[in-house]
Amino acid sequence: MGPIIIFIAIFAIVASVLAYTIRIVPQAEAYVVERLGAYYATWTTGVHFVMPFVDRIANKVTLKEIVKDFDPQPVITKDNVTMQIDTVVYFQITDPKLYTYGVVGPINAIENLTATTLRNIIGDLELDETLTSRDIINTHMRSILDEATDPWGIKVRRVEVKNILPPRDIQEAMEKQMRAERERRESILKAEGDKRSSILVAEGEKESAVLKAEAEKESALLKAEAKKQATIKEAEGKAEALYKVYEAQAKGIALINNAAPSKEYLSLKSLETYEKIADGQATKIVVPSELQSVATLLTNAKEIVKD
């Protein structure tokens, strides 16, 4: 049993030494190694061997981007308004050696540096500028923090102002101002809407009147044109009828002339005409020309006798 126990003991010692000697560095991490108390190397991803009792892993550093949300810090604006502002810093360790030996408590150092930088920036701005200049504050802070943290092996990626909390009375005043501004905009929009509605109604009435007038004009023109055409057609019809009458009369006269009637025949036709007139159907009295001459002579004689 003795040799077995000794073998097991030696195996356990060897396994412990190997376990202590072999180190595997995970992805996105780096190990800072010291040898005899001094900086020796920075191990990256892979398998590495540590010399027992000589090498020591001084720090394990993550190479991922780190996000730190710092507590609200009291700051005073240029117009002496005290407010609370909290920030979020995004940074990444680019040099594990500088991060390990450059500063004591890097996270605490970044927090304090952020607070002092924020106070310096806000101290040059008034309240309204502070509330409306977040992008300017973020950019300015990132530039200052990135430059200050370079000796620590840290790269500041982004700085965001998370919340700006002014005093309660300032918040109430701002809410009243915002409410008044919204009411003013509402009144303006309502007035613009009423104005636009009135304009549209007036334009609609105008267009309606124009269209109505144009319709009446076209109707009158069409009526006049129709009346004109009717008059023309009526005149053409009368002219054509007269022309036909004249043509018939001309033909009758031509026939009579060609026939060369005698005087006795014409007298007979005249008497027949008078007979037709005197048949009681006519409403006018026709006096032959001979009788008219006799009547005129008698009338003149009567006047002479009176004189």
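A pocket here is an open set of points on a 1 Å grid over the protein atoms alone, with protein on both sides within 12 Å along at least five of seven lines. Welcome to this predicted model, in which local features need pLDDT of at least 70, side-chain atom pairs count only at pLDDT 80 or more, and totals for chains, interfaces and linings use all residues. Residues are numbered from 1 along each chain as its sequence is written, and side-chain values use heavy atoms, with hydrogens and water left out.

**The largest pocket**
- The largest pocket holds about 210 Å³ of space, a volume being the space filled by probe spheres set on grid points joined across faces, edges and corners.
- Its lining (residues with an atom within 4 Å of a point) includes Leu127, Asp128, Ile170, Met174, Glu181 and Arg185.
- Helices α4 (127–132) and α6 (168–259) each give at least two residues to this lining; helices (H or I, at least four residues) and strands (E, at least two) are DSSP runs, numbered from the N terminus.
- Helix α6 supplies the largest share of the lining, 8 residues.
- By type, the lining has 6 nonpolar, 2 polar and 4 charged residues, where Ala, Val, Leu, Ile, Met, Phe, Trp, Tyr, Cys and Pro count as nonpolar, Asp, Glu, Lys and Arg as charged, and the others, Gly among them, as polar.

**A nonpolar patch on the surface**
- Ile6, Ile10, Val14, Leu18, Ile22, Ile24, Val47 and Phe49 make up a nonpolar patch with about 780 Å² of accessible area together.
- Two or more patch residues come from each of α1 (2–21), β1 (22–25) and β4 (46–49), and α1 has the largest share with 4.
- Such a patch joins nonpolar side chains (Val, Leu, Ile, Met, Phe, Trp, Tyr) within 5 Å, using residues with over 30% relative accessible area and no salt bridge; the areas come from the Shrake-Rupley method with a 1.4 Å probe, and only the protein chains shown count as cover.
- Leu18 sits in helix α1 and is partly exposed at 47% relative accessibility (buried is under 20%, exposed over 50%, partly exposed in between).

**Salt bridges**
- The count comes to 9 salt bridges, each a side-chain nitrogen of Lys or Arg within 4 Å of a carboxyl oxygen of Asp or Glu.
- Arg158 and Glu160 meet at 2.5 Å, N to O.
- Glu172 pairs with Arg168 at 3.7 Å; being 4 residues apart in helix α6, they are separated by about one helical turn.
- Glu181 bridges to Arg184, with the closest N and O atoms 2.5 Å apart, and both lie in helix α6, 3 residues apart.

Definitions and conventions. On a 1 Å grid over the protein atoms alone, a cavity is a set of points where a 1.4 Å probe fits but cannot get out, and a pocket is an open set with protein on both sides within 12 Å along at least five of seven lines; lining residues have an atom within 4 Å of a point. Patches are made of residues with over 30% relative accessible area and no salt bridge: like charges are joined within 9 Å, nonpolar side chains (Val, Leu, Ile, Met, Phe, Trp, Tyr) within 5 Å. Buried means under 20% relative accessible area, exposed over 50%, partly exposed in between (1.4 Å probe, protein chains only).
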